[in-house]
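Please view the sequence and the structure before reading on.

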Amino acid sequence: MAGELEEARAALEAAIGRRDARAAEALRVRYASLEQQWRDQTRRQFEQLRGTAGASPPPATLSASIYPFSSLEQSSSDSGIGLCLSGGGARAAAASMGALRGLRCLGLLDEISVLSTVSGGGWAGVPFTYLPADISDDEFLGAVVRDPRDLTWSHHAGDDPARALDVLSERALGSLCTRIGLVEFLDKAAELADWYYDSPHVLWCRAVGALILEPFGLGDVALGASPASYFSGTEQWLNTTILADGRNPALTAADFHLVRKPGRPLLVTNSTLFWPPGVHPRRPAPGSPALELYPFEAASTQAGAPFAFRGGLGGGWIDPFAFGGQGPAAPPLNDRVVLATPPGRFSLSDIAGTSSSAFVGPLIDRFGEEHPWLQEIDPVYPYWPVATAGEPVARACYFGDGGNLENTGIMALLRRGISRIVAFVNAEAPLAWDPGAQQVVVDGQLPPLFGLQPKEAGRPYVAYPTPPLPVAPASAPFRHDQVFEPHAFFELIDRLWAAHRAGGSALCRQRGLAVRDNPRFGIQGVGPVDVLWVYNAPVAAFRDRLGDIVRLGMDADPLLYGRFPNYDTILQLHLTPRQVNLLAHLSCWNVINEQSIGGLPPNAEVFRTMFR
């Protein structure tokens, strides 16, 4: 077939070369037909190869650990530092590359004990945590450029490519932002739809795996259209917890993506579980009960809804490789259960995709009429609560973006008793002043943490009313988010605004924040915490230091750079290398800048002090 196709191509080119239009048209039709046959044949062969290579019959059962919520309370410690990478699509991923780069530059990255991510922050956190050994952190995070004046708009022979804004390695974290977009996600999901014709609810996650994770060697090489690899912690964790004592003899390390780099923190990706089961989050059937939103975690070593809610929902975690099937038929013994092997392997694409599935909505809005199958791609998994382990019936639940419920990722750290937290708030909304209310305007993800509703223009911030009193639909999902006192919010936004007005980075360290109990998020009895907030906003001192050519290039293309660094979450889901690099360099500079601005301590000093 390949030889026949090559002959047809050569004949077509020859006909075009001699300007024989009639022959060229006939040969074009023949070439197109042969090319389609070759594509179909190659695809069938490739699917057969992927579906059989290395495949072995799955074991009938798995032996897994469960982790009741009470065990977290007993093991929690305020030692170490927690890091939050908030949601925000490609903007969050690009900013996270710079944040991680800056922390590494200061020698602080290895001191992070827990990394909590949401949505686009997870697009950065998952490959960072599971980065293969053959990709260095230098390649993945990129080089530090301490002085913005050294950045160049274009690369020229003999120049340092690390300084050129138009150069972005395919192995750099930020390169994922150049591979995605609504059209790109649609095309990839449509390409995968033939594989998953009977399970469209996995298409979003598999598209995320293909576009975001696969270029880093972390994608879904499939066995019979199901991901080939589970994920877990380090190899030591795997051997002592999952494979020890012959518990799962049919599994080996080759069945898992593992944390290969030393010093990586515990990864926690945050998603939303919709309850009750079977109610579509976008198209509920008439008479369906109102959906309630609950936090769902997928960590390197655990997956589940942590806190026990009404009706037996939640109660803890299970080993991730055992998630997604029926519950155990017998009660746990010493916090271990035996259960039927789930039909599909719960993979890195599942956790990165579920946490970022807010983008399914815009896909449906933009393309749903032409592609009605998009209506069915919200993630769905069988779920059984750890609180009722021993009852084998799992129920199909919809899962959604972590930002549906809380977008900073701070809850997972508070739940673990972490007392020092660095929170990168990769916001779409820049800091602004509302003259009508005489208050600072911040992104809507922050006020609910302090018991306040997202701000309406011209009106002051208002507290959430006591349930069941109603609130505006846009504010309703976050009414259960309060963990800090309201007065601390006004201190925070005033200090962020003061730093911003001075021309510096919007940083604010709040010491000794009192933490309120929050049953829905499983936060109980947590002592005071220190939080270093890093808010994504324009920084005059950084921009003023950029070279004239760089600033002219940005000013000449307001469509791309007019919102910098607060790129639009949806409209700017696809970023160019220059957009990525500018945001990453700013985010890094927000960490490493050694100069005082406006009389405030240098950024680097603020970070070093936080880690002492």
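**The largest cavity**

Three elements, β8 (266-275), β9 (292-299) and α12 (410-415), each supply at least two residues of the lining of the largest cavity. Helices (H or I, at least four residues) and strands (E, at least two) are DSSP runs, numbered from the N terminus. The model is predicted: local features need pLDDT of at least 70, side-chain atom pairs count only at pLDDT 80 or more, and totals for chains, interfaces and linings use all residues. Residues are numbered from 1 along each chain as its sequence is written, and side-chain values use heavy atoms, with hydrogens and water left out.

The lining consists of V118, N270, S271, P295, F296, G402, L405, E406, G409, M411, A412 and F521. Of these residues, seven are nonpolar, four polar and one charged (Ala, Val, Leu, Ile, Met, Phe, Trp, Tyr, Cys and Pro count as nonpolar, Asp, Glu, Lys and Arg as charged, and the others, Gly among them, as polar). The space in the largest cavity is about 90 Å³, and there are four cavities of 30 Å³ or more. A cavity is a set of points on a 1 Å grid over the protein atoms alone where a 1.4 Å probe fits but cannot get out; lining residues have an atom within 4 Å of a point. Grid points are joined across faces, edges and corners, and a volume is the space filled by probe spheres set on the points.

**Aromatic pairs**

The count comes to 31 aromatic pairs. Rings of Phe, Tyr and Trp (its six-membered ring) pair if their centres lie within 6.5 Å; planes under 30 degrees apart count as stacked, over 60 as edge-to-face and the rest as tilted. The pair of Y230 and F321 is edge-to-face because the ring centres are 5.9 Å apart and the planes stand at 75 degrees. Y230 lies in strand β6 (residues 230-231) and F321 in the loop between β11 (316-318) and β12 (336-340), so this pair ties together parts 91 residues apart in sequence. Y230 is buried, at 3% relative accessible area (buried means under 20%, exposed over 50%, partly exposed in between, with a 1.4 Å probe and protein chains only), and F321 is buried at 0%.

F450 and W533 form a tilted pair, with centres 6.2 Å apart and planes at 45 degrees.

**Cluster and charges**

Y130, F231, F296, F323, F346, Y381 and F399 form one aromatic cluster. F296 also belongs to the lining of the largest cavity.

Conventions:
On a 1 Å grid over the protein atoms alone, a cavity is a set of points where a 1.4 Å probe fits but cannot get out, and a pocket is an open set with protein on both sides within 12 Å along at least five of seven lines; lining residues have an atom within 4 Å of a point.
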